[in-house]
Amino acid sequence: VSAASARTLLPILLAAGALAVVGLSAYRFARFRRLLAAAEPAPAGLARRVDDLAESLGVWRVPPLLLVPARVPPMLWPAAAGPLLLLPRELLASLEAAELDALLAHELAHVRRRDHWVRFLEIGATALFWWYPVTWWSRRALRRAEERCCDEWVLRALPTSARAYARGILKSLEFLSESPVPLPAAASGAGPVEDLEARLKE
């Protein structure tokens, strides 16, 4: 391949890779949003619990909590009107009160840190630098750092919750071990199973 041909092909290749990253992210986003059509608002008592936890974490604009009939982890989801807290209905039934509080506090910590906005910056950076291996490493490292920061927020806000939080993470891990729904890149508060295992050990 001549130098002139390489100069012509390189921009095309870079643009094709960027479009592939954005297109795949958009497809997964749209597919997951269709799943949310079956979500239901949380009962009033559970919503009040979220409000109380949000106040303890300094979150003044509390996202609505929706119960989802799918195998997804507790997570923060970006929406046009503002972020949403998602909790799988089936997992909720197995959680004790202290375990639920700790898991909800973790997702509210993501809200407090504005991690849902970071997701879009992350997708943009990946689209621009998809060809650079450090981009993918950095993306994974960023997610891990966010999860551990939110874990620390939980233990500061609920200092006696360490055991309950560990049990809640373990139940989430067990819940996701069977046919979990693939998550789009825009989701915050979720991670690979091996990351949940590492957090549980910590």
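1. A word on the ground rules. Residues are numbered from 1 along each chain as its sequence is written, and side-chain values use heavy atoms, with hydrogens and water left out. Since the model is predicted, local features need pLDDT of at least 70 and side-chain atom pairs count only at pLDDT 80 or more, while totals for chains, interfaces and linings use all residues.

2. Take helix α2 (residues 44–57) and helix α4 (residues 97–113): they pack at about 55°, axes 9 Å apart. Helices here are DSSP runs of H or I with at least four residues, and strands are E runs of at least two, numbered from the N terminus. Axes are lines fitted to C-alpha atoms, for helices over the stretch in contact, with angles from 0 to 180 degrees between N-to-C directions. That angle makes α2 oblique to α4 (under 35 degrees is roughly parallel, over 145 roughly antiparallel, 65 to 115 roughly perpendicular, and the rest oblique).

3. Who touches whom? On the α2 side, the residues meeting α4 include Leu46, Val50 and Leu53, and on the α4 side they include Leu100, Leu104 and Leu108 (contact means heavy atoms within 4.5 Å).

4. Now strand β2 (residues 65–68), which is covered on both faces: Leu65 and Leu67 on one side, Leu66 and Val68 on the other, are all buried (under 20% relative accessible area; exposed is over 50%, partly exposed in between, with a 1.4 Å probe and protein chains only).

5. β2 also has partners. With strand β1 (residues 40–41) it pairs in the antiparallel sense over two bridges, and proline 41 stands opposite leucine 66. With strand β4 (residues 84–88) β2 pairs in the parallel sense over four bridges, leucine 67 having leucine 87 as its bridge partner. Pairing takes at least two DSSP bridges between two strands.
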